[in-house]
Amino acid sequence: MDDSLLLLTVAVAALVVGTAGGWAAQAAVVRRRLTREQSFFGLPDGSECVLVTHRDSTSAHWSIPRHDALALLGLASVVENCGAHAEVAPHDTGLQGFGARTEFCVGDPTAHRRLAAHMANLLPGVAVHPGDEHGIGRGTFAVGGSTYRLEPGATEHVLLARLTAVESGRPVFLAAGQRPVTHRAAVRHLVRNRARLARKYGADGQFCLLLKVVNSQAYGPDVVELVADVTKAALAPPEPKGHRASV
């Protein structure tokens with residue numbers, strides 16, 4: 001074998017080894033990313049989860065409000081990517097307790113029974129105003145000494161939370177908003193920022209974020225701002241009644 005052929009053979013061999021090594025490294029990165037995502041969502045391969053939503057009150061049959069349906073589709077893509085299986089259930093259907101399987105609860109806490117129960121048990125520091133006899137003030141959040149009112153189409157709020165009710169149990173994710181468009185915005189925020197949230201709070205961490213949807217009348221669920229991380233206040237027992245600032 002002359003020197004030119006030898007050099008060519010060595011170069012080809014090096015290229016093959018380098019390519020194979022690159023593929024292996026890339027595959028390892030993808031596997032690690034998927035493992036972190038599965039851990040964050042509590043969705044190992046072949047696991048089960050439930051997506052809980054409320055019924056559209058304007059329909060005679062069981063149907064889901066448009067924005068809520070689109071939010072569930074966003075979650076379904078995450079579930080599929082993790083290799084898990086999802087069940088969709090209405091909020092007023094008897095379901096097992098939490099912790100046995102991952103649960104995504106999406107809706108308005110003044111109308112969504114299971115979401116309201118989760119918030120009362122897992123987020124005792126959050127109060128949601130049911131509204132007066134004319135519906136005024138309905139959906140106003142009170143947390144951390146401040147209140148967050150609804151201004152339809154202009155300023156709307158939603159709580160995005162990851163909670164673990166029992167040790168070693170599967171997480172419960174809540175998207176509790178003042179209007180359906182906010183639920184979709186919260187799910188988008190969760191899906192788009194899942195890697196960052198997992199790094200910040202850990203695979204088993206809890207968080208409760210207050211998000212603001214700005215000018216949904218013009219921008220839909222696209223313009224979202226983080227108002228505050230209210231985890232500490234939301235997980236704490238409710239404050240004594242007194243003056244609360246308005247936001």
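Author: Buried means under 20% relative accessible area, exposed over 50%, and partly exposed in between, with a 1.4 Å probe and protein chains only. Because its relative accessibility is 57%, Arg 66 counts as exposed. The model is a predicted one, in which local features need pLDDT of at least 70, side-chain atom pairs count only at pLDDT 80 or more, and totals for chains, interfaces and linings use all residues. Residues are numbered from 1 along each chain as its sequence is written, and side-chain values use heavy atoms, without hydrogens and water.

Arg 66 belongs to helix 2 (residues 66-81); helices (H or I, at least four residues) and strands (E, at least two) are DSSP runs numbered from the N terminus. Between Arg 66 and Pro 180 the C-alpha distance is 7.9 Å, although 114 residues separate them in sequence.

Strand 7 (residues 155-163) is largely enclosed by the rest of the structure, because eight of its nine residues are buried. Two strands pair if DSSP finds at least two bridges between them. With strand 9 (residues 207-214), strand 7 forms eight bridges in the antiparallel sense, and His 157 has Lys 212 as its bridge partner there. Strand 8 also runs antiparallel to strand 7, joined by six bridges; Arg 162 has Phe 173 in strand 8 as its bridge partner.

Phe 173 is also among the residues lining the second largest cavity, as are Leu 160 and Val 187; lining residues have an atom within 4 Å of a point of the cavity, a set of points on a 1 Å grid over the protein atoms alone where a 1.4 Å probe fits but cannot get out. This lining has ten nonpolar, no polar and no charged residues, where Ala, Val, Leu, Ile, Met, Phe, Trp, Tyr, Cys and Pro count as nonpolar, Asp, Glu, Lys and Arg as charged, and the others, Gly among them, as polar.

Definitions and conventions: 1 Å grid on protein atoms, 1.4 Å probe; cavity = no way out; pocket = protein on both sides within 12 Å on 5 of 7 lines; lining within 4 Å.
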